[in-house]
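Thank you all for coming. I would like to take a few minutes to walk through one model, and I will ask you to keep it in view while I talk.

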Amino acid sequence: MTYRSNLERVLSDGKFAVTVEIGPPKGCDPNKIKEKAKIVNGWADAFNITDNQTAVVRMSSFASCCILKKMKMEPVMQITCRDRNRIALQSDILGAAAIGVKNILCLTGDHQSFGNHPGAKGVYDIDSVQLIHILRNMRDNGIFQSGDKILAGNPDVFIGAAANPYADPYELRVDRLEKKIAAGADFIQTQSVFNVEKFSLYMDEVCSRGLDDRVHILAGITPLKSVKMTERMRFFVPGVDVPEHIAKKMENAKDPKEEGYNIALELISEIKQIKGVHGIHITALFWEDIIPSLVKDSGLLPRL
Amino acid sequence: MIITKKKEFKDIVDVVGKGPVFIAGCSECATICHTGGEEEILEMKNALIDKKIEVTGSILLEPACHLLNDKRLFRQHKKELERANKILVLACGNGVQTVSEISKDWDVISGTDTLFLGEIKRANDFEKRCQMCGECFVDTFEGLCPVSRCPKSMLNGPCGGSKNGKCEVDSELDCIWILIYNSLKEKDELHRLNELRDCKDWSKSLKMRRTL
């Protein structure tokens with residue numbers, strides 16, 4: 001069997017996958033992203049490149065993926081519907097596939113009012129489910145959204161999507177995941193997991209519907225760096241559920257960095273035991289340098 | 001209804017300059033929004049006179065967006081209009097432009113900001129209801145419109161950001177997807193949300209002129 005990407009190969013082999021997020025710099029200095037990439041190189045199966053996350057302008061996801069490709073690292077290119085219509089999105093998909101991007105993660109995108117250009121006009125021509133569907137049709141059926149035929153090469157990529165087990169209404173979360181799978185998602189990266197109990201219930205429902213056989217689910221992990229960051233995640237980041245016992249641990253810690261690191265290790269070891277979880281997706285916001293030890297100490301990599 | 005809000009008075013004064021100015025309001029939406037009815041016209045007139053700006057007259061258009069009505073009503077105020085060099089319009093963006101079309105010799109000034117097509121919830125409390133997308137399918141969403149009422153116009157269910165039934169973009173705003181969900185749940189028809197909604201055909205709203 002041939003695989004589209006290394007990530008697809010790892011997941012299809014039934015191994016517990018690791019992906020790591022790399023946020024492009026707020027500037028055009030390629031060394032900035034190269035430095036971050038060097039730190040985490042070898043410590044994940046693929047590396048997510050964000051697309052102007054939280055609606056803050058950064059180096060484009062596409063260009064950052066090119067830089068990673070040159071470093072022989074495998075990117076997961078994130079694309080959002082916030083800034084581009086279906087014409088630009090499909091064009092970028094073709095371009096990305098042309099330079100050898102093998103994983104594309106489809107998102108609706110954080111609303112522009114949260115970013116550093118709140119006066120921007122949001123596009124939202126299509127939503128993430130529709131983007132997944134378009135990408136699947138481009139890949140498998142060789143057609144654009146309009147029904148027009150692709151003439152010179154279908155983008156043969158592994159299709160990713162996001163899922164949030166915590167957002168309201170809770171009852172709809174698994175339905176929405178199922179919809180993304182039906183639209184064409186091959187793998188899923190979840191919102192950062194802090195509330196393991198609730199995540200576990202979500203995964204029970206996922207497994208009882210047999211969805212874990214139809215899609216690869218990577219659970220999100222975000223190491224908490226400080227009390228301030230914990231508070232921010234707890235109260236201001238939409239759709240994140242940081243339970244009180246974790247917040248307390250951070251508050252009472254002599255060294256919050258060390259505590260945050262240990263919490264992340266605990267979370268990984270608990271999540272690994274949950275049926276249906278096929279890997280971990282680490283987002284260490286402005287704290288990339290702890291990723292190698294986190295991946296190593298949690299026993300994720302190197303694989304034995 | 002077209003929802004408008006008053007511009008800041010000092011900004012209006014800056015544009016009106018020395019005048020003299022003629023004021024036109026609107027009998028419909030701007031009257032109900034309290035931005036361009038009889039009362040607001042009078043209020044504006046007095047405020048401008050206080051600033052030593054000459055006001056030559058005023059009119060309540062019925063409604064401002066009606067080209068032929070505007071022409072007819074303007075004829076009745078010919079003398080007052082002739083003495084003015086500017087017309088301040090207290091109506092929506094459409095009303096201002098209809099007045100512009102028949103007032104080539106005057107500077108036409110907009111006295112309001114036009115916000116959206118929405119509902120009057122109670123006095124001075126309005127909420128957007130329609131984006132005028134040219135293809136209404138609210139019937140498939142329990143009579144609720146995610147195109148105009150979700151800041152991301154999501155057609156396949158809620159994003160991950162709604163909290164306690166409110167939108168992540170505006171904590172005062174109901175998440176439209178929660179309202180749709182609640183309504184379907186009550187009818188035991190949640191399965192309807194599983195249907196994949198295809199991309200919207202935005203070209204339906206592109207035609208800017210129609211003769212029906």
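I will begin with chain A as a whole, then turn to some of its helices, and finish with chain B and the interface.

Please keep in mind throughout that this is a predicted model. Chain A, in terms of secondary structure, comes to eleven helices and eight strands. Along the principal axes, its C-alpha atoms fill a box of roughly 60 × 45 × 45 Å. For a chain of 304 residues, a compact globule would have a radius of gyration near 19 Å, and because chain A has 18 Å, its value agrees with that expectation.

Let me now move to the helix packing. Helix 8 of chain A, residues 227-235, packs against helix 9 of chain A, residues 244-252, at an angle of about 160°, and the two axes are 9 Å apart. An angle over 145° counts as roughly antiparallel, and therefore helix 8 of chain A is roughly antiparallel to helix 9 of chain A. The crossing of helix 8 of chain A past helix 9 of chain A is left-handed. If you look at the residues that meet there, helix 8 of chain A brings A:Val227, A:Thr230 and A:Arg234, while helix 9 of chain A brings A:Ala247, A:Met250 and A:Glu251. By class, this contact has three nonpolar, one polar and two charged residues.

On the side of helix 9 of chain A the contact is made by A:Ile246, A:Lys249 and A:Met250, and on the side of helix 10 of chain A by A:Pro256, A:Glu259, A:Gly260 and A:Ile263. These residues divide into four nonpolar, one polar and two charged. A:Met250 of helix 9 of chain A takes part in the contact with helix 8 of chain A and also in the contact with helix 10 of chain A.

That brings me to chain B, where the domain assignment gives domain 1, covering 2-115, and domain 2, covering 133-199. The C-alpha centres of these two domains of chain B lie 39 Å apart.

Finally, the interface: 24 residues of chain B are in contact with 27 residues of chain A. On the chain B side, the residues that touch chain A comprise twelve nonpolar, nine polar and three charged.

How values were computed: Residues are numbered from 1 along each chain as its sequence is written. Chains are lettered from A and ligands numbered from 1 in the order in which they are written. This is a predicted model: local features need pLDDT of at least 70, side-chain atom pairs count only at pLDDT 80 or more; totals for chains, interfaces and linings use all residues. Domain bounds come from an automatic or database domain assignment. Two residues are in contact if their C-beta atoms, placed from the backbone, lie within 7 Å. Ala, Val, Leu, Ile, Met, Phe, Trp, Tyr, Cys and Pro count as nonpolar, Asp, Glu, Lys and Arg as charged, and the others, Gly among them, as polar. Axes are lines fitted to C-alpha atoms, for helices over the stretch in contact, and angles run from 0 to 180 degrees between N-to-C directions. Helices (H or I, at least four residues) and strands (E, at least two) are DSSP runs, numbered from the N terminus. Angles under 35 degrees count as roughly parallel, over 145 as roughly antiparallel, 65 to 115 as roughly perpendicular and the rest as oblique. A crossing is left-handed if the near helix is turned anticlockwise from the far one by less than a right angle, and right-handed if clockwise. The radius of gyration is taken over C-alpha atoms; the globule rule is 2.2 Å times the number of residues to the power 0.38.
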